[in-house]
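Here's a quick briefing on one chain, meant to be read with the viewer open. Have a look first, then work through the notes.

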Amino acid sequence: MSDLTRKTAAELAELMTSKQASSVEITQAHLDRIAAVDGAVHAFLHVDTEGALAQAKAVDDKRAAGEQLAPLAGVPLALKDVLTQEGVPTTAGSKILEGWKPPYDSTVVKRLKAAGIVILGKTNMDEFAMGSSTENSAYGTTHNPWDLTRIPGGSGGGSSAAISAYEAPLAIGTDTGGSIRQPGAFTGTVGVKPTYGGTSRYGLIALASSLDTPGPCARTTLDAALLHEAIAGWDPMDSTSINQDVPPVVAAARNGDVAGLRIGVVKELGGEGYQPGVEARFHEAVELLTKLGAEVVEVSCPHFQYALPAYYLILPSEASSNLAKFDAMRYGLRVGDDGENSAEKVTALTREAGFGAEVKRRIILGTHALSSGYYDAYYGQAQKVRTLIARDFANAYEQVDVLVSPATPTTAFAIGDRIDDPIAMYKNDLCTIPSNLAGNAAASFPCGLADEDGLPVGFHVMAPVMRDDLLYQVGGALEAALADQWGGVLMTKAPELEVTR
């Protein structure tokens, strides 16, 4: 493996600034790494070799000309295949969009390009972001680089697997119910869900519009903060975008001082159903933060126990509405258009062929929940529960600055273990869903390996709306303290992948 692929994004940026390496060299090293190991990992759906090298050369040319560049200019990145990139295949992991090339860039992609960040390609994901394991992708399952027989999490398993396999130093994911944080926990990487509205949804292929949030994935807290700063901020193209300054996330990541910070351990997110090794690493991390000067107390959020059922009514309802546009009439797959079938028949045949089982399940559930006679009983009640969960957060933040819990109840499970049991699969998101329903900021940071299986455990931090900097303050402190114990970040303990090309 090239030494360049082992560097953090911040280190790569410094190498380019000091002219010890060029963006083309760094990009090529990562493209070589993808070619070497992605046959086993399957993190990428599309690798844009020509486009990435062209972007890298453009950055090198600007640097040579003495132009002032952004902090991450020239650093490569893997992009979740749910964000549009002009002229690059974008499928959202679905057959119904196979071969589609968007005519425009999403706001996140525009900001990445403006920052000079090099986009290597599009990463695998559960179809339309519906899933917790990346097994629902129409293009095959992504494998966890820590153990190729295990899932990398979902829906953004491709992005987290890419950085965990050293195929990219940075990645973009989207988080609707934990799809950045849960894969981060399973792959020993950092995954951040910014405040809802803190990053733009324009150009994001919608799953649930009141929940979807793009965010950064990285191997270190500082790298995630630098990427967060690059993509965040108000966007007039997104009606839910928050018109406020981006929180000082980079300064917080570099500061990492938690002395006097009030941390609340959520009583309801632990105990029965949680893997002992996960709870052990979580409590050790809490003890470590206490030693660093944080004030730790237990906090009760009684309505969190209802988050999972509420979420699985709200999300399918919004998804059934959002996915109605895939009707074979405008773009994407078209089946049965033989001149004899009606438009309705063509739409039905296309959806039958183009949508996977999980997407169909959620569309049916959501359509039923929104139907006449059931709206108030299901969707309306779920929205009331959502309000109660938001109140739990508000009450908690009167007592503490941040809340913490394990990021997931277990470590990564074996591929195939839960694919036929939707309820067991949905329970992966027990800890992450409340923050999506309330819209506040949350993140998962590596906190060790479980004793039972030697797999990564995530430490989940939840902060108030537009206090994303508190996430990085806690993550930076925890990362620095654990690095002293481990001799580096958790990823240094990951097994080396075999070259498959």
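This is a predicted model: local features need pLDDT of at least 70, side-chain atom pairs count only at pLDDT 80 or more; totals for chains, interfaces and linings use all residues.

Helix H12 buries Val346, Thr347, Thr350 and Gly354, where buried means under 20% relative accessible area, exposed over 50% and partly exposed in between (1.4 Å probe, protein chains only). Residues are numbered from 1 along each chain as its sequence is written, and side-chain values use heavy atoms, with hydrogens and water left out.

**More on H12**
- Glu344 and Glu352 are exposed on the other side of H12.
- H12 covers residues 343–354, and its end C-alpha atoms are 16 Å apart, which agrees with the 16 Å that 12 residues should span at 1.5 Å a residue (the expected span is 1.5 Å times one less than the number of residues).
- Helices (H or I, at least four residues) and strands (E, at least two) are DSSP runs, numbered from the N terminus.

**The sheet**
- There's an open sheet of 11 strands with mixed pairing, in the order E1-E3-E2-E4-E6-E5-E10-E11-E9-E7-E8; two strands pair if DSSP finds at least two bridges between them.
- Strands E1 (44–47) and E8 (295–299) stand at the edges with a single partner strand each, so one side of each has no neighbour in the sheet.
- E2 (residues 76–80) and E4 (residues 170–175) pair in the parallel sense over 3 bridges, with Leu77 opposite Leu170.

**Around E10**
- In strand E10 (residues 441–449), 8 of the 9 residues are buried, so the rest of the structure largely encloses this strand.
- E10 runs antiparallel to E5 (residues 190–193), joined by 3 bridges, and Gly191 stands opposite Ser444.
- E10 also runs antiparallel to E11 (residues 456–463), this time with 7 bridges; Pro446 has Gly458 as its bridge partner in E11.
- The hairpin of E10 and E11 has 6 residues between the strands, and Gly454 there takes a positive phi near 70°.

**Ser435**
- Ser435 lies in helix H16 (residues 433–438) and is buried, with a relative accessible area of 0%.
- Leaving out residues up to four places away in sequence, Ser435 touches Arg181, Lys193, Phe393, Asn440, Ala442, His460 and Met462; contact means heavy atoms within 4.5 Å.
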